[in-house]
Every structure is written in C-alpha cells, then in structure tokens.
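Okay, thanks for coming, everyone. Let me put the sequence and the structure up, and then I'll talk you through the parts I looked at.

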2 protein chains.
Amino acid sequence: MSFPVHVIKIGGNIIDNPTACTDFLRVFAQISTPKILIHGGGKIATQTAAKLGIETQMVDGRRITDRAMLDVVTMVYGGLVNKNLVAQLQAESCNAIGLTGADAGIIRSTKRPVKTLDYGFVGDIAEVNSGQLNSFLKSGLIPVIAPLTFTSEGVLLNTNADTMASATAVALAPLQPISLIYCFEKKGVLSDPDDDESVIPSLTPESYATFKASGVINQGMIPKLDNAFKALESGVKWVIICHAQDLALAAEGKAGTVLSLEK
Amino acid sequence: MSFPVHVIKIGGNIIDNPTACTDFLRVFAQISTPKILIHGGGKIATQTAAKLGIETQMVDGRRITDRAMLDVVTMVYGGLVNKNLVAQLQAESCNAIGLTGADAGIIRSTKRPVKTLDYGFVGDIAEVNSGQLNSFLKSGLIPVIAPLTFTSEGVLLNTNADTMASATAVALAPLQPISLIYCFEKKGVLSDPDDDESVIPSLTPESYATFKASGVINQGMIPKLDNAFKALESGVKWVIICHAQDLALAAEGKAGTVLSLEK
C-alpha cells in the first residue's frame with residue numbers, strides 16, 4: 001500500500017456534544033482515503049462513575065484508574081462511546097469496526113510503573129500491530145479505536161488517546177505516507193490565545209522554535225506540539241491540528257495548523 | 001474454506017463466575033479449528049442498572065430495553081464483558097477480536113415491532129454478513145460477539161445471544177460444516193431434570209419427537225431445542241448442548257447432547 005492514510009484523533013469535547021459529533025462523523029465518513037479514528041472519552045466516564053458512587057481523581061489532566069474506574073472506562077470508552085460511533089458510521093456507509101488495543105492485539109501496553117504517583121491501571125504503549133491495522137485498511141474496514149490497551153497478561157489498561165494516535169501513526173509510517181490529525185476545540189495553533197482566528201497555518205521545527213522562544217505559543221500547547229514533532233521525526237509525514245468542524249479541509253491540508261519537517 | 005467451524009455460545013452463568021469463565025476461556029483458546037464465541041450478558045447489566053437507579057423489567061426472561069437500559073447493555077455487554085473476554089483470550093494466545101453486530105456490519109437487525117408488548121430497543125436479526133465473518137476466520141482472527149446488533153439507521157439494539165448464535169451458524173453453513181455449541185449449566189439435555197447425569201447423548205428429529213410426546217424433556221428446553229432443529233434444517237451440521245466445563249470433549253462430539261438430522 002502506498003496511498004496516504006489519515007489517523008484522526010477526536011477528543012472528549014466532540015464526544016460530549018451529540019450534534020457536533022454527528023456532523024463530524026458525517027464528514028469523517030466522506031473522506032475517501034483510508035482512515036483510522038481514535039477517540040477520547042469525554043465527560044461520560046466521570047458522570048457514570050459519579051452515578052455509580054466512584055470518585056474521579058485527576059492529576060494534571062490524567063485520570064487515576066483504580067479497579068472500579070477501569071471497569072467504568074471499559075464500559076464507557078470501549079462500549080457506550082465506541083459502539084455508538086461505529087453504529088453511526090455504519091449508517092453513513094462507512095464500514096467502521098470498533099476496537100480497543102486488545103482486539104486483534106492491535107495495541108499492547110505495559111502498566112505504568114509507580115514513581116511519585118500511582119496512576120493505577122494506566123498503560124504505556126509497548127507495541128502497535130501495524131500489520132493487522134494495515135490488513136483492516138486493505139480490506140476496506142475503518143478502525144475506530146477506544147483509549148484502552150492491554151497487557152500480555154490479559155489486563156486492560158486506560159490509555160491516553162493522543163498517545164495512541166501518535167503511536168499508531170508512527171507504526172504505520174514505514175508502510176505509507178501518514179497524516180496525523182488532531183481535532184480539538186480551536187481552529188489550530190493560535191498566535192494569540194484570545195483570538196480564535198489567529199491560526200498559525202504551518203509550523204516547521206525552525207518556526208516552532210522561534211514561536212516557542214518568543215512566548216507566542218500557549219504553554220498548554222507545548223507538550224502536544226513537542227509530541228507532534230517527535231511523530232514527524234519518527235516518520236509521520238504531516239501532523240495537522242484543527243477544529244473538528246474543519247476536518248474535510250484539514251484532511252487536504254487546507255485548514256488548521258500543518259506541521260511538517262520540510263518548509 | 002471447508003474446515004469445520006465451531007460457533008460457541010456461552011450464557012450469563014459463565015460470565016458471572018470468574019473462575020468458571022477463566023477455565024472456559026482456557027479450553028476455548030485451545031480448540032484448534034476456527035471458532036466464534038457469542039456471549040450473553042449475565043447479571044452485571046442488571047446490577048449496573050440498579051446502581052445507576054435504572055429499573056430492570058424482564059418479561060418471559062427477556063429484558064425490556066428503554067433508552068437508559070440500552071446504554072447500560074451497550075456499556076456492559078459491548079464494553080465490560082466483551083473486552084475482558086478478548087483481553088483474557090489474547091493472554092491465552094488466542095487472537096480474539098471483540099465485536100457487536102455493528103462492527104464491520106456483521107449482524108444487522110430491525111427493531112422488534114410493538115405488538116402486545118413493547119420490548120423497546122430490541123433487535124430481530126435481518127442479515128448476517130457471513131463473508132466478513134469468514135474473512136476474519138480466514139485471517140486467523142477469533143470473533144467474540146456481544147449480544148448487540150444495529151439498524152441501517154445506526155441504532156444499536158439489544159439482541160438475544162442464542163438467536164445471534166443460531167443465525168450466525170446458519171449464515172456460515174453454506175460455506176463449511178458448522179457445529180453450533182450451546183454451553184450452559186447442565187451437562188446436556190436431561191431425561192430426568194432431577195438427575196444431572198441423565199444426559200441424552202444424541203437427538204434426531206424422530207427421537208426428539210418421541211421424547212417430547214412422552215413428556216421426558218423438560219418444558220423449558222423445548223423452545224431451545226425447536227430452534228436448534230430449525231438451525232439443522234437450515235444447514236447447520238451439528239448442534240451440541242453441553243456444560244461449559246465439557247467444551248473440549250463436546251467440540252469433538254464426545255460430551256453433551258448432539259443433535260443432528262441424521263441417525
């Protein structure tokens with residue numbers, strides 16, 4: 001295979017908004033090249049946990065996942081969210097298949113070691129089965145991946161969806177050109193956080209370094225962008241950061257911020 | 001393909017018993033011919049619904065599925081139960097892939113029409129995509145199917161696992177010999193309901209008619225057996241009814257009750 005593949009990540013903000021989500025899925029279904037959707041969880045896990053009397057603990061935006069919370073995220077991410085996305089895509093004539101990392105062994109991880117903090121049942125990615133993912137794509141299936149992975153011992157682990165998207169893109173990169181698209185609630189990387197229209201159209205390592213040094217880029221974006229450039233250095237052709245509603249244009253490099261190693 | 005395929009159904013009683021379930025999965029993983037696992041839900045859906053303040057209504061053993069209950073079964077069957085089965089099978093070197101009917105469009109249904117009773121979001125099977133299931137089997141994947149299907153409009157529907165197993169077996173039958181195995185809590189069809197050892201080793205339409213006429217077979221088994229004979233008439237080679245712990249022997253026709261059209 002040498003056609004370009006889109007690895008597209010959507011966050012909880014889209015999952016939480018049914019209208020925005022339906023609009024997004026309609027556009028996603030229409031992208032004609034092979035594609036993979038990786039989704040976050042949204043607020044439903046926290047809401048469901050609360051209803052079940054399970055307290056949610058977040059540290060730096062990461063969910064502490066004890067055994068009870070692991071069951072909740074397995075239900076919500078792997079079941080409720082994933083299967084509804086798949087059913088909706090099927091209705092849009094998109095042959096979606098919902099997967100966690102455990103299914104067909106596509107993304108294996110190891111439990112994050114306890115250092116200063118015990119994240120609990122949280123996975124650090126060990127291996128992406130790019131052959132299996134490619135075989136799905138070749139047969140016309142569209143993987144829709146929930147943020148869960150598994151260990152060799154058969155334990156499910158809660159896993160960051162951004163990291164799963166970038167690891168998947170990197171693993172597929174030796175086989176065909178990959179564009180990794182992060183859809184979020186802004187139109188791209190902004191030069192002025194108070195002006196939603198101040199999208200920086202493209203970033204190279206050089207221009208990124210300049211923006212970073214001058215303090216133009218929002219601090220919160222820096223870890224995301226650092227990881228995006230790492231994905232480029234590992235063979236991903238483009239990383240695009242865009243608003244979910246601009247996906248159709250962004251997939252053609254015509255919206256959002258396009259990151260690449262070349263000028 | 002012309003090798004025999006086992007379509008194996010396990011009920012909630014195994015799902016609800018972690019030790020029995022682990023033992024079952026170990027044996028299932030070791031069956032060397034291609035196989036499909038179809039699982040029921042167990043008590044976890046009812047327990048989870050209760051914790052969420054959602055009342056469970058059962059009529060003749062069937063769950064009335066309103067919108068809130070549909071979300072619960074999607075979480076529990078499609079997420080918690082299905083993904084834990086898959087992760088455990090992966091740890092047993094069995095390349096399981098967890099699916100609902102919506103995934104890769106394998107089992108489509110229509111919402112059950114309201115007659116005297118409104119079952120809510122419950123599906124009657126319309127079509128099994130046998131080509132896709134065969135393609136998974138050919139590539140060495142082991143489908144693990146949750147009791148959920150989907151409509152052409154993208155709505156998930158709660159669906160009876162026994163019916164899904166028999167419809168799957170019938171759909172695959174034109175392509176290769178199929179044995180449909182129902183694992184339950186008894187060692188087979190009993191001639192004396194009070195004697196667990198009184199297993200009838202084999203049944204043909206003739207012997208079944210005789211047993212039925214003489215009242216030997218437990219009333220509760222009759223709908224199951226009627227459906228099993230329908231599956232045989234529709235091309236399934238064998239139907240085997242056995243205890244989950246006897247799966248290894250039953251898969252070779254050496255335990256449980258073996259139903260077939262031939263003497």
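I'll go from the contact between the chains, through one threonine, to a couple of helices and some salt bridges.

Before anything else, keep in mind that this is a predicted model.

So, the interface. How many residues does each chain put into the contact? Chain A gives 35 residues and chain B gives 35 residues. Between them the two chains bury about 2600 Å², with 68% of that on carbon and sulfur atoms. If you look at the chain B side, the residues that lose the most area to chain A are Met75(B), Leu80(B) and Lys83(B), which together make up 21% of what that side buries.

Which elements of chain B supply at least two residues each to the side that touches chain A? Those are α3 (44-51), α4 (67-91), β5 (96-99) and α5 (130-138). Of these, α4(B) gives the most, with 14 residues. Sorted by class, that side of chain B has 16 nonpolar, 14 polar and 5 charged residues.

Now the salt bridges between the chains. The count between chain B and chain A is 2.

Thr74(A) counts as buried because its relative accessibility is 1%, and the cut-off for buried is under 20%. What does Thr74(A) touch, leaving aside neighbours within four places in sequence? In its own chain there are Gly79(A), Leu148(A) and Leu156(A), and from the other chain come Gly79(B), Leu80(B), Lys83(B) and Asn84(B). The side chain of Thr74(A) also has a polar atom 2.7 Å from the backbone oxygen of Leu70(A).

Okay, two helices in chain B. Take α6(B): 12 residues, reaching 16 Å from first C-alpha to last, close to the 16 Å expected at 1.5 Å a residue. How much of α6(B) is buried? The answer is 10 of its 12 residues, so mostly covered, given that buried means under 20% relative accessible area. Among those buried residues are Asp162(B), Met164(B), Thr168(B) and Leu172(B). At the start of α6(B), a side-chain oxygen of Asn160(B) comes to within 3.1 Å of the backbone nitrogen of Asp162(B).

The other helix is α8 (residues 222-233) of chain B, with 12 residues and a reach of 16 Å, close to the 16 Å expected. Its buried residues are Ile222(B), Leu225(B), Ala228(B), Phe229(B), Ala231(B) and Leu232(B). For the spacing, remember that an α-helix has 3.6 residues a turn, so residues three or four places apart point the same way. What covers the buried residues of α8(B)? The cover includes α6 (161-172), β11 (178-184), α7 (205-213) and β13 (238-243) of chain B. After α8(B) comes Gly235(B), with a positive phi near 115°.

Over all chains the structure holds 20 salt bridges. Glu127(A) pairs with Arg108(A), the closest N and O atoms being 3.2 Å apart. That one links distant parts of the chain, strand β7 (residues 123-128) and strand β6, with the partners 19 residues apart. Glu127(A) is partly exposed at 45%, and Arg108(A) is partly exposed at 25%.

Lys186(A) and Asp196(A) form another, with closest N and O atoms 3.2 Å apart. Both lie in the loop between β11 and β12 of chain A, so the pair ties together parts that are 10 residues apart in sequence. And there's a network as well, where salt bridges that share partners join Lys9(A), Asp162(A) and Lys224(A).

That's my tour, so over to you.

Notes. Residues are numbered from 1 along each chain as its sequence is written. Chains are lettered from A and ligands numbered from 1 in the order in which they are written. This is a predicted model: local features need pLDDT of at least 70, side-chain atom pairs count only at pLDDT 80 or more; totals for chains, interfaces and linings use all residues. Side-chain values use heavy atoms; hydrogens and water are left out. Contact means heavy atoms within 4.5 Å. Buried area is the accessible area (1.4 Å probe) that two parts lose on being put together, summed over both. A salt bridge is a side-chain nitrogen of Lys or Arg within 4 Å of a carboxyl oxygen of Asp or Glu. Helices (H or I, at least four residues) and strands (E, at least two) are DSSP runs, numbered from the N terminus. Ala, Val, Leu, Ile, Met, Phe, Trp, Tyr, Cys and Pro count as nonpolar, Asp, Glu, Lys and Arg as charged, and the others, Gly among them, as polar. The expected span of a helix is 1.5 Å times one less than its number of residues. Buried means under 20% relative accessible area, exposed over 50%, partly exposed in between (1.4 Å probe, protein chains only). A polar contact is a pair of N or O atoms within 3.5 Å; within protein, one must be able to donate a hydrogen and the other to accept it, and residues adjacent in sequence count only if both atoms are side-chain atoms.
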